[in-house]
Amino acid sequence: MANEKVLFESSTQDKKARRLEDIPLIRFSPGEKVVCVQRRHKIVLIGPLLLPIIGAFMLLFASMFIIQILPPEATASFLNPTIFAYIIILSTSLVLLLEAFNFMTWYYQFYIITNRALLHRHFFTIGGFYSDVVFLDEVHQQQITRHPPNFICDFLKVQDVNVYFHKLEREEPFIFQTPSNAQEIEDLLQDLTIKHGINRGPT
Amino acid sequence: MDFLSGFIKYFFILASGFALILYAIVIYAARRASLRTKIPIPSFLKQVIALGFILAIFSLVFVLLFQP
């Protein structure tokens, strides 16, 4: 489990793996410190990575099948091997682009828990910057639930964590979608809720 | 047939150009995310992007040099 929170050892200048909590992903207010940083579970990568490859193969087979069933006169220009070679090269390039895009969308997306806030940040975005922040000093946590989004995630013990607040403070729950360690997040949120409750004192 | 082959050629040029633009956008967004988070892009991913970019350039050169 600890390995999931370690970065890829990708940089030749930085051979030592660093924890995600040690990286300054957000700006801190005085007294704020990071409790937990997680990415989404690796299982969510399988679909987006396999889909472009499967789609490209299906299109290739479909086009070959169509060329087989059409009369030769209709496909005279399309049977040119130059066009086939071009289509394969361009399709490969686009598939690689989609794979890189899907991977980086996962790689630069974080759930961050500090002692004062819950954050969901996308750093790899094409149009703009995505951030969802809930300040724990301002809202009261009502309920924390964990449930798997589908039976495959249930089988692999991968769960969503939903945090519900007072309806007047925040209607929609803050959702940790398939984080890499849902149990850790739930435990930390329970601790934070208890601490905030103690700090506020009896009402 | 001349119109068809010309249409095909220019359509492929546009498609290759569009692929190159998409690559430029994704590379820019990746660099921005890497700079903002101080997390470097994984080396295998750089290789994938480089390979795809080279294939996109090659497809453009291919369609310009070889008349489909």
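Select A:H122 and look across to β4(A): its bridge partner there is A:Y130. This is a predicted model, in which local features need pLDDT of at least 70, side-chain atom pairs count only at pLDDT 80 or more, and totals for chains, interfaces and linings use all residues. Residues are numbered from 1 along each chain as its sequence is written, while chains are lettered from A and ligands numbered from 1 in the order in which they are written.

**The sheet in chain A**

Now select residues 117-122 of chain A, strand β3, together with β4(A). They pair in the antiparallel sense over six bridges. Strands here are DSSP runs of E, at least two residues long, and helices are runs of H or I, at least four long, both numbered from the N terminus. Two strands pair if DSSP finds at least two bridges between them.

Stay on β4(A), residues 130-135. How many of its six residues are buried? The count is zero. Buried means that 20 or more other C-beta atoms lie within 10 Å of the residue's own; 12 or fewer is exposed, and in between is partly exposed, with C-beta atoms placed from the backbone.

Step to β2 of chain A, residues 109-114. It pairs with β3(A) over five bridges, again antiparallel. Pick A:I112: its bridge partner in β3(A) is A:L119.

Show the whole open sheet. Its four strands run in the order β1-β2-β3-β4, with antiparallel pairing. The edges are β1 (34-38) and β4 of chain A, each pairing on one side only. From one strand to the next, the twist averages 10°; axes are lines fitted to C-alpha atoms, for helices over the stretch in contact, and angles run from 0 to 180 degrees between N-to-C directions.

**Zoom out on chain A**

Color chain A by secondary structure. There are four helices and seven strands. Along the sequence, the pattern reads β-α-α-β-β-β-β-α-β-β-α. Of its 203 residues, 22% count as buried.

**Over to chain B**

Select the contacts between the chains: 29 residues of chain A touch 35 of chain B. The side of chain A that touches chain B has 20 nonpolar residues, eight polar and one charged. Contact means C-beta atoms, placed from the backbone, within 7 Å. Ala, Val, Leu, Ile, Met, Phe, Trp, Tyr, Cys and Pro count as nonpolar; Asp, Glu, Lys and Arg as charged; the others, Gly among them, as polar.

Finish on helix α2 of chain B, residues 43-65. Its buried residues include B:I49, B:F53, B:L60 and B:V63.

How values were computed
Two residues are in contact if their C-beta atoms, placed from the backbone, lie within 7 Å.
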